[in-house]
Amino acid sequence: MIDAEERLWAGSGNLITGGPYTWHITDLDQRRHFSVTYTPPAPVEDVEATEDICMAQLQKKNVDQLGDGVYGIRFSEPDGPITMSTNQEEDDVTWYVNSHPLAALELPFPVKTVYLESLTEAVFKYWFMENGMFRTWYELNSWSRLPRDHPHIVPFDSVVLNNVTGGIVGFTTLFIPGGTLKDNNATTRPFRLRWFEQLLSVVDDLNYQYGMMHQDIAARNIVIDEEDNLRIFDFNYSIMIDKHYTPHRDDIKGVIFTLYEIITLDEHFRELPHEEQDAEALLQMEWQKHPEVMLDSDVTEFRSVLDAWVTNRKEKEFKPMDSWVQWPWMPKPPLGPVLKYGPNGEVTGKEMKPVQVVIRKHLVQMGEPYWEWERPASYLLGDALQKGDAGKEANMLPVGERLNGVQTDCDSTDICAVP
């Protein structure tokens with residue numbers, strides 16, 4: 001579930017001098033867009049501050065309870081009443097990423113695909129805002145090229161296509177139950193030296209055998225599978241070493257900070273920008289185990305293994321190999337339907353143009369089909385699953401070749417569950 005303070009995001013707005021002040025706010029939990037308009041009795045001095053006022057008003061009026069047909073709200077006092085808008089033509093600010101076709105991935109092998117409409121609850125790794133397109137595209141391309149039988153990498157499963165145009169909207173991976181090392185840290189079960197050695201092994205494989213830098217090694221991106229082995233996931237910051245390597249985000253730093261945080265529960269060192277995070281200074285410190293943390297070996301043993309690995313890594317160079325994975329840059333946007341305007345601004349028809357996003361109310365005006373991102377609020381989904389109302393297994397029929405012989409039922413924002 002998304003934290004309340006991170007749930008709402010204002011990506012754009014329409015701030016007229018003297019008011020009204022309209023912000024286009026995205027609810028990242030329900031995947032809904034709202035037009036929130038603040039019309040104060042007098043102009044405000046700090047126009048940018050109206051963003052916080054609009055988000056607070058939307059949150060205060062319980063965004064979870066706004067009906068499906070509500071596209072926006074209006075108010076004149078921060079603590080006053082609101083008026084809800086159901087006028088799609090004026091207040092629907094929903095837009096969709098103009099999805100690339102499957103061929104744009106340039107995968108040299110067949111891949112399993114599933115349609116968005118086949119998912120019981122579409123909570124998988126995907127993008128629905130232009131801001132996140134590149135990062136998720138890059139992650140899909142890198143993760144899908146890693147071996148699915150690696151014992152310490154969560155396996156990639158399928159590419160998800162929207163059911164309207166057949167374009168790419170995201171992907172699923174195998175679900176590893178039990179939560180991450182961040183969710184279930186060493187205060188709930190002993191952290192094993194063997195798991196740490198497995199982490200070092202998979203990082204070496206990624207860096208040297210596959211030519212990839214993960215760049216986000218952290219307890220939140222590590223799980224322990226049902227066979228008691230460590231697996232890593234979340235490749236949205238991964239890069240090709242021979243093209244984009246930077247020492248500021250080297251996986252050696254990630255490993256050092258991760259082990260330190262597991263042992264001490266102290267995460268403040270990574271609050272700094274990456275270029276200011278000093279892993280070498282951390283290695284010179286004496287690490288004090290948090291009183292509630294459980295380890296299956298002494299801290300000195302963990303440090304000994306880490307120090308030997310760091311020393312060895314500093315003596316090795318990256319040498320390109322045939323096994324290094326390569327993937328294409330995100331291509332130019334595909335053709336999408338857009339309104340065509342005359343010399344006086346009147347709508348004269350529609351045309352196909354390369355566009356990053358398509359606007360829902362324009363699609364409606366053009367009579368074009370569209371898919372829907374909207375989903376129930378997290379707490380409503382949880383209630384439904386407990387009652388069995390939404391707990392049916394998804395009928396995820398692949399339209400491409402199956403690679404790993406499993407079908408998945410979505411369970412979280414990053415990984416999806418095996419039924």
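This is a predicted model: local features need pLDDT of at least 70, side-chain atom pairs count only at pLDDT 80 or more; totals for chains, interfaces and linings use all residues.

Biologist: OK, and where does Glu139 lie?

Modeller: Glu139 lies in helix 3, which runs over residues 133-144.

Biologist: Is Glu139 buried or exposed?

Modeller: Buried. The cut-off is under 20% relative accessible area, and Glu139 has 0%.

Biologist: Switching topic: which residues of helix 8 are buried?

Modeller: Those are Val299, Phe302, Arg303, Leu306, Trp309, Val310 and Arg313. They cover an arc of only 135° around the axis, so they sit on the same side of helix 8.

Biologist: What do they pack against?

Modeller: The buried residues of helix 8 pack against helix 4, helix 6 and helix 7.

Biologist: Arg303 was in that list. What does its side chain meet in a salt bridge?

Modeller: Asp307, at 3.4 Å from N to O. Arg303 and Asp307 are four residues apart in helix 8, which means about one helical turn separates them. Arg303 counts as buried because its relative accessibility is 12%, while Asp307, at 30%, counts as partly exposed.

Biologist: And Leu306, what is that in contact with?

Modeller: Leaving aside neighbours within four places in sequence, Leu306 is in contact with Phe196, Val255, Ile256, Leu259, Leu283 and Trp287. Leu306 is also among the residues with the most contacts inside the largest nonpolar core, which has 70 residues. There's a second, separate core of 16 residues too, including Ala10 and Val36.

Biologist: You mentioned helix 4. How many of its residues are buried?

Modeller: Twelve of its 17, so helix 4 is mostly covered. Among the buried ones are Trp195, Phe196 and Leu199. Besides helix 6 and helix 8, the buried residues of helix 4 pack against helix 5 and strands 11, 12 and 13.

Biologist: Back to salt bridges. How many does the structure hold?

Modeller: It holds 19 salt bridges. One of them joins the side chains of Lys112 and Asp157, at 2.9 Å from N to O. That pair links distant parts of the chain, 45 residues apart: Lys112 is in the loop between strand 6 and strand 7, and Asp157 is in strand 9. Both Lys112 and Asp157 are buried.

Biologist: Which residues are linked in a network of salt bridges?

Modeller: That would be Arg7, Asp27, Asp29 and Asp64.

Technical notes: Residues are numbered from 1 along each chain as its sequence is written. Side-chain values use heavy atoms; hydrogens and water are left out. Buried means under 20% relative accessible area, exposed over 50%, partly exposed in between (1.4 Å probe, protein chains only). Helices (H or I, at least four residues) and strands (E, at least two) are DSSP runs, numbered from the N terminus. The arc is that of the directions from the helix axis to the C-beta atoms. Contact means heavy atoms within 4.5 Å. A nonpolar core is a set of buried Ala, Val, Leu, Ile, Met, Phe, Trp, Tyr and Cys residues joined through side-chain atoms within 4.5 Å. A salt bridge is a side-chain nitrogen of Lys or Arg within 4 Å of a carboxyl oxygen of Asp or Glu.
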